[in-house]
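Welcome! Please take a look at the sequence and the 3D structure below, and then read on for a guided tour.

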Amino acid sequence: MNVQDPWRLNADLHCHSTISDGTLEPEAVVARAHAQGVELLSLTDHDELSGQLRAQAAADALGLAYVPGVEISVTWAGETIHVVGLGIDPLDADLVAGVARTRDGREERAKEMAEQLQAVGIEGSYEGALRYVGNPELISRTHFARHLVETGVCSDVGDVFQRFLSEGKPGFVPHRWAKLAQALGWILGAGGTPVLAHPGRYRLNDTALWALIEEFREAGGTGIEVVCGSHTRDQYGRFAGIAREFGLRASRGSDFHGPGESHVELGQLPPLPDAVVPVWYDWPVAGRRS
Ligand code: AMP
Ligand code: MN
Ligand code: MN
Ligand code: MN
């Protein structure tokens, strides 16, 4: 463990397992992270905590520092925003109930997606997607994407999203997720640190992005992803500047979903810029005692 320099610690605080839309079991994600040189890990499945004790146990067995995590789907100004909660108590009753409510409606949404896809000539996509689902409560667009690639409708997952699963395309069904303040309330109530996930991915102009970050901060948000799997190198710099401007701590995470599918491997990202304070700066688990 790199105790002296938190900026050089290989922290990966955003990834997924079969508990949501990843392809590896929680234990396999942890083992792979360890093998890739990750020194501080959080598994952050979408709207679901049931992988946390498994991941924690696997990390403990390997001597890998671990913080429980989650990625909550939020609807803000009509857009889907993701908020990562780090260092949460995965057994906190309000958090567990909150993410369970957030999961509600995924099945119905998936059936509507399949109907829309059928209307453009793609048969049986609901049943097809289900074959990729590890957790029946968490059927997601990713599972549809895998099915459409496997059946040769599209060349890769990115192609599926471009042609079928993004807003305005046949197969996109808008959904109401949690409210921003609710999600932050659950995370804070469970003792966690709320982190705005992949801010560079939202289709928001500067004014809207500023409003989002301001509201996030006012609701108790303290972190923002700076170096992450969805950001370009330019965006590392841009969001480092924004983190400083808004007094937010910076996070780093691959958003790994599985071998061969994610473009960023666990732990394989550049370090955080020196100008920002890592979100793990004073966490005891990261090797520093405050
Ligand atoms: P859902 O929660 O069902 O709306 O699905 C969202 C998930 O789809 C995200 O967590 C990503 O894993 C995946 N996703 C979204 N956009 C893309 C994209 N353009 N390319 C690949 N995967 C994507
Ligand atoms: Mn995902
Ligand atoms: Mn996300
Ligand atoms: Mn994610």
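Where is His 198 found? His 198 sits in the loop between β6 and α9; helices (H or I, at least four residues) and strands (E, at least two) are DSSP runs, numbered from the N terminus.

Before going further, note that this is a predicted model, in which local features need pLDDT of at least 70, side-chain atom pairs count only at pLDDT 80 or more, and totals for chains, interfaces and linings use all residues. Residues are numbered from 1 along each chain as its sequence is written, chains are lettered from A and ligands numbered from 1 in the order in which they are written, and side-chain values use heavy atoms, with hydrogens and water left out.

**Around His 198**

- His 198 is buried, with a relative accessible area of 2%; buried means under 20% relative accessible area, exposed over 50% and partly exposed in between (1.4 Å probe, protein chains only).
- Leaving aside neighbours within four places in sequence, His 198 is in contact with several residues, including His 14, Glu 71, His 82, Cys 228 and Asp 255; contact means heavy atoms within 4.5 Å.
- The side chains of His 198 and His 82 make a polar contact at 3.5 Å. A polar contact is a pair of N or O atoms within 3.5 Å; within protein, one must be able to donate a hydrogen and the other to accept it, and residues adjacent in sequence count only if both atoms are side-chain atoms.
- Between the C-alpha atoms of His 198 and Arg 249, which are 51 residues apart along the chain, there are 14 Å.

- Donors are N, O and S atoms within 2.8 Å of the metal (3.2 Å for Na, K and Ca); water is not among the atoms, so sites may look incomplete.
- His 82 in strand β5 (residues 79–86) and His 198 in its loop link distant parts of the chain, 116 residues apart.
- His 82 counts as buried, at 12% relative accessibility.

**The manganese ion (ligand 2)**

- The manganese ion (ligand 2) has Asp 21 (OD), His 46 (NE2) and His 257 (NE2) as its protein donors, lying 2.1 to 2.2 Å away.
- Asp 21, in the loop between β1 (11–12) and α1 (26–35), and His 257, in the segment after β8 (249–253), are 236 residues apart and link distant parts of the chain.
- Asp 21 and His 257 are both buried.
- The manganese ion (ligand 2) lies 5.6 Å from the manganese ion (ligand 3).

**The manganese ion (ligand 4)**

- His 14 (NE2), His 16 (NE2), Glu 71 (OE) and Asp 255 (OD) coordinate the manganese ion (ligand 4) at 2.1 to 2.2 Å.
- Glu 71 in strand β4 (residues 69–76) and Asp 255 in the segment after β8 are 184 residues apart, linking distant parts of the chain.
- Both Glu 71 and Asp 255 are buried.
- The manganese ion (ligand 4) and the manganese ion (ligand 2) are separated by 4.5 Å.

- The chain divides into domain 1 (6–103 + 176–286) and domain 2 (106–165), with bounds that come from an automatic or database domain assignment.
- The C-alpha centres of domain 1 and domain 2 are 25 Å apart.
- At the interface, 14 residues of domain 1 are in contact with eleven residues of domain 2.
- About 980 Å² is buried between the domains, with carbon and sulfur atoms giving 44%; buried area is the accessible area (1.4 Å probe) that two parts lose on being put together, summed over both.
- Three salt bridges are found across this interface; a salt bridge is a side-chain nitrogen of Lys or Arg within 4 Å of a carboxyl oxygen of Asp or Glu.

**Salt bridges**

- The structure holds 16 salt bridges.
- Glu 137 and Arg 103 form one of them, with their closest N and O atoms 2.6 Å apart.
- Glu 261 forms another with Arg 146, at 2.7 Å between the closest N and O atoms. Glu 261 lies in the segment after β8 and Arg 146 in helix α6 (residues 141–150), so the pair ties together parts that are 115 residues apart in sequence.
- Glu 25, Glu 27 and Arg 54 are linked in a salt-bridge network.
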